Amino acid sequence: MTKTPRFWRENKNRYNLIGVKCGSCNAVYFPSRIICPDCGRKSMGKMDKFKFSGRGTVYSNTVVHEAHEQYEMQKPYAIALIELEEGARVLGQIVDCEPYEVQIGMKVKSTFRKLGQDGKSGTIYYGYKFVRERE
Amino acid sequence: MKKVAIIGVGITPFGELWDDSFREIGIKAGFEALHDANISSDDIDAIYVGNMSAGRFIDQEHIGALIADYAGLAHNNIPSTRVEAGGASGALAVRQAYFSIASGMNEIVVVGGAEKMTDIGDVEVNDIQSSAADQEWETVFGATYPSLFALMARRHMHEYGTTREQLSSVAAKNHRHGSLNPKAQFRREIKPEAISRSPVVSDPLRMLDCAPISDGAAAVIMCDMGIAKKYSEHPVEVIASAQASDTLALNQRKSITEMLATKIAGKKAMEMAGIGPADIDLAEVHDNFTISEIMAVEDLGFFPKGEGAKATLDGKTTIGGDIPINTSGGLKARGDPIGATGVAQIVEIVEQLRGKADKRQIKDAKIGLAHSVGGTGSSAIVHILGVGQ
Amino acid sequence: MEIGIVSYGAYIPRFRILPEEIGRVWGLDGKGFGKGLMIEQKSIAGPDEDVVTISVEAARNAMKRVDVSPEKIGAIYVGSESHPYVVKPTGTIVAEAIEATPDLTVADYEFACKAGTAAIQTCMGLVGSDMIEYGLAIGSDTSQGAPGDALEFSASAGGAAFLIGSKDVIAKINTTLSYTTDTPDFWRREGQMYPSHGGRFTGEPAYFKHIVSCAKNLLGKCGTKPEDYKYAVFHQPNGKFPQRVAKMLGFSNEQIETGLLVPQIGNTYSGAVPLGLSAILDEAEPGDRIFAIAYGSGAGSDGFDIAVTDAITRFNRKAAPTVREIMANMKAIDYATYAKYRGKIKLSCEE
């Protein structure tokens, strides 16, 4: 069973953190939405592509010890809600640091990693994860 | 709008029911409820079944027809509808039945809730549970269902100073209550220290912070209050039913230390019932994780925001406390067969209001609240039941 | 037309393993092996890293340093012997990830350890013939040696990307030439997880013959002598070979020091000369001349005579980390963790 189109469809957004900006109220959203929840009909057709910088701070975090199949090789690993500097929040894995090093308020930036694969013979999918921003 | 009554309840034991298939547990709960209500299958106008994911747990969809068939009701060609809202599927089935009776379309309705989770392995179960969260923007990125609640717990600890000891007090209390419930999956007490020491699932949440994987079914018979006395001397009245939605993914919410859907559904239900939190004698809340119960007792207005954890540790939510929460043992100890859970909560409230809750009976219980959540708070459903007039 | 490097970027995964740790598992004198190979540690890709992710990070680092719109990139070539797909290009994912799609040509290269430099040559040709404005050449690998094999002490992970063009060139490529024969010193057959090699056959008739021949031809064509170059970088399967080949050709240890990364990160295969060259560009100044010879088993060598231009003073080197800054962010892991990260442990779900 291949899920190729389902993942392929979101590639561009997941590769580059592309969301939308509401042309009516300037709010930014990630992932993309067709309608701005605040502006409703006024926003129709005005939700323009918006690329996030990938920089942000940890809003909340956890260390996953019991993982889904795709992530078993990586456990324990850190997951966080990240507040992007432009305003939206995004959920992502934090890699390249000790999982228990992650703390609320820590500065992070996006990186490009493998997210998973469709079984042993299916496609591989890629997208954003985050790394600690080191001074 | 017609008043709606509950005239019968049934529930299977919750747990690992190796010998029973999905259809068997569904039917057992239903027949117990029919028997309790003293009605025959000929009296039934419709069936609503709450079920989250039979398609993935047992490869079976079309649950409405399946249950009607095995209940022997296919002969009568009774309409049967399966309802899904993640963890709130059972509660949503109750609400659909409520609508159909209140509108006058149906007089007597059977509501069932069932899930068979142990036919497959744990890892797959975790995968299915997380499908109530956002598959495209949460789980694909490595989030598990418990990890999303762990994010809420971490933030709650950060904002309100909620402690490990307080989280453990929720599970310890629910296990104590569960030990008094013969249908509960876990009928033994667990010391708070053991909960705090159990293996980490998703920090800060540990194994004993999480509701278990369970099989089970529950059913209630609902009817027009006008005819309820024909079947039951003490019908329980559904005095309010409310529902609210929120974003599917956690990252879209302004606050993750409250469930806004719970707050709104709770407020609407209390307005509809014309009561406040202080008027409620007991509540069954959605404690799929310890942090969920803490947020629920705050969001439903039993305690101010940030004080739910302390109140639990102080014993205010135990049987005999100010507002007993989850006298059945809750999802934590009674068990959480997803689709059955929302219906099982109604069963517990009905038994309490009938004064039939045995060792866990709350004295003079007149008004009870049931609160059910789908996903990470994307759906919330609140029912308020009262002793019928 | 002045064709050369407009920008460059590197990426090396964070994890390292020491030869003594590998030796401990296989009952070998790891420390001795390491000393013999002059490898103190090798880099290892994390469980979520592969040639695609390394290539993307390197390409993004290259693009950060210049103000070139990715749409102007007319070609991307990724050289590697460990592309995650046998069929389906790495380059298309890189192109999408740096937003260079859809108006460009893309292909993956394989030529053992010199696929990256072959990509540079191709881009030079396309820029020189005015078919494209910019080309992106990447050499990147997550190479693996069979467990317990001598290769396991050196095969590592990393990569570098070069933006090739003719405007604001920071390092002009004066001349490039190659030396190629059919020499099977190292190979990996279809469907095999680990490569095989000809043992000592990989030395004299392979590495040394091709590099020395290519280097001599290049010096001859350029009319230069080793002392004309401030820096030199040779393919580095271990620390010993490039030192010996440098000596054979008349280059000093000082000339090869900057580009010799193998002692700290191991043999990054297609990434080896590209990373060494990147480390040189991290510190090079206008007028510096660089001599670079890659070697790929099978076999062939690509040689480059490079001159650093004044444009490097206006180049925003600081916009991305230097090779040695990237190398400094490291974590040593044990063999068990290495086996877990590199798929040497099989989970039931993978069957």
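These questions and answers look at two interfaces in a predicted model. Residues are numbered from 1 along each chain as written, with chains lettered from A and ligands numbered from 1 in written order. Local features need pLDDT of at least 70, side-chain atom pairs count only at pLDDT 80 or more, and totals for chains, interfaces and linings use all residues, while side-chain values use heavy atoms, leaving out hydrogens and water.

Me: Into which domains is chain B divided?
Reply: Domain bounds come from an automatic or database domain assignment. Each domain of chain B is written as two segments: domain 1 (4-121 + 214-228) and domain 2 (129-210 + 239-384).

Me: How many residues of domain 2 of chain B are in contact with domain 1 of chain B?
Reply: Contact means heavy atoms within 4.5 Å. Domain 1 of chain B brings 42 residues. On the side of domain 2 of chain B, the number is 34.

Me: What area is buried between domain 1 of chain B and domain 2 of chain B?
Reply: Buried area is the accessible area (1.4 Å probe) that two parts lose on being put together, summed over both. Carbon and sulfur atoms give 67% of it here. The total between domain 1 of chain B and domain 2 of chain B is about 2800 Å².

Me: Which residue meets Lys183(B) in a salt bridge?
Reply: A salt bridge needs a side-chain nitrogen of Lys or Arg within 4 Å of a carboxyl oxygen of Asp or Glu. Two are found across the interface of domain 1 of chain B and domain 2 of chain B. For Lys183(B), the N to O distance is 3.5 Å, and the partner is Glu32(B).

Me: What area do chain A and chain B bury between them?
Reply: In this interface, 33 residues of chain A touch 33 residues of chain B. Carbon and sulfur atoms carry 56% of the buried area. The total for chain A and chain B is about 3100 Å².

Me: Which residue of chain B forms a salt bridge with Arg14(A)?
Reply: Chain A and chain B share two salt bridges. In the one with Arg14(A), N to O is 3.0 Å. The partner of Arg14(A) is Glu136(B).
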